[in-house]
Amino acid sequence: MDLVQLQRQLVDYRTSLYHEGFLDEQFTQLQSLQDENNPDFVVEVVSLFFEDSERLLNELSKALEQQVIDFKRMDAQVHQLKGSSSSIGAHRVQKLCIVFRNYCEAQNVEGCLKCLQQVKHEYGIIKTKLESMFQLEQQILNAGGSIPV
Amino acid sequence: MELMKSENIVQDRQPQPQEEEEIMQQEEEEEQRFHVLAVDDSVIDRKLLEKLLKASSYQVTCVESGEKALEYLGLLHHSSPASSSSQHHHQGHKVNLIMTDFSMPGTSGYDLLKRIKGSSWKDVPVVVMSSENVPSRISMCLEGGAEEFMLKPLQLSDLHKIQAHLLKSLPHS
């Protein structure tokens, strides 16, 4: 695939992520903060998000396996996940966290279990999509091209 | 500003006059830039805030908790430290603005705000940030002395509001 085709593929891919609600305006904000002094800024922030989210999702799974469920602690963790997903523009994950928090507040175990599954699913999707996007960007850079805005 | 004597510089070799001048210039520039203390327990939000502030040419120090912020300001073990100059110099730290997240474990943003306003740092503007738009929380912080309450995630355009507060807090010549 030549450079122009790669660049077009990236633009189309990125656009679809916004159209399908995977990403929102905040991701654009992140990209606008990246410059020659900080060329890996977006990748760095998103990597932090991946690490942080995986830690939180593990803790939430463990919390729901306990005999006595600490809903307050879970709510605090979902709040963290909601915050970080909002900060990078991971729109679908953020929206699910809002629902999740309602179930925590209502101390609804079944609701929480279902939500956790959904959040894990959506997180998996956005992780795969962002990684694919970064790979495409790297291919363009390797081919000597620049990333289209 | 005191001229740096070459005996005071700890290094392996004596700096050339040109390098000395560059070092002095750098330090002078840093002195002139506003210094923001940013407090947030989220590693992602700290990285974002740091970038936003640096992109606006501010000097930034990020800490991960209210306790660490109090420690930095010298407020952790004393109730009222020695009086500071009007330029908000204290313990060798200059702080022109404090930006803090509201929801933090341990010392919350609100706790931090109250401690600052009850100390010799009280004239330093404090901006409270939150991902939640809760009117009662907003009025509580403003009544507690916060200069501004901002909704996360912050954007570059939000930093313009902050600049106005910083310029206001400059000492008059």
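Let's start with Arg101(A) and Glu132(B): their side chains meet in a salt bridge, 2.8 Å from N to O. By salt bridge I mean a side-chain nitrogen of Lys or Arg within 4 Å of a carboxyl oxygen of Asp or Glu. Across the interface of chain B and chain A, that rule finds three of them.

Quick housekeeping. This is a predicted model, so local features need pLDDT of at least 70 and side-chain atom pairs count only at pLDDT 80 or more, while totals for chains, interfaces and linings use all residues. Residues are numbered from 1 along each chain as its sequence is written, chains are lettered from A in the order in which they are written, and side-chain values use heavy atoms, with hydrogens and water left out.

Okay, back to the interface. On the chain B side, 15 residues are in contact with 20 residues of chain A, contact being heavy atoms within 4.5 Å. The two chains bury about 1,600 Å² between them, and carbon and sulfur atoms give 62% of that. That's the accessible area, with a 1.4 Å probe, that the two parts lose on being put together, summed over both. Ile44(B), Lys47(B) and Lys51(B) supply 40% of what chain B buries against chain A, more than any other three residues.

The rule also finds five residue pairs in polar contact across this interface, both partners at pLDDT 80 or more. Polar contact here is a pair of N or O atoms within 3.5 Å; within protein, one must be able to donate a hydrogen and the other to accept it, and residues adjacent in sequence count only if both atoms are side-chain atoms. And which helix of chain B gives the most to the side that touches chain A? Helix H2, residues 43-55, with eight residues. Helices (H or I, at least four residues) and strands (E, at least two) are DSSP runs, numbered from the N terminus.

Now, Asp101(B). An unreviewed UniProt entry annotates Asp101(B) as "modified residue: 4-aspartylphosphate", and such annotations may be inferred rather than shown by experiment. Asp101(B) is in strand S5, residues 97-101. Buried or exposed, then? Asp101(B) counts as buried, because its relative accessibility is 6%, and the cut-off for buried is under 20% relative accessible area (1.4 Å probe, protein chains only).

Last, chain B overall: six helices and seven strands, with 43% of its 173 residues counted as buried.

Technical notes
Buried < 20%, exposed > 50% of the residue type's maximum accessible area, 1.4 Å probe, protein only.
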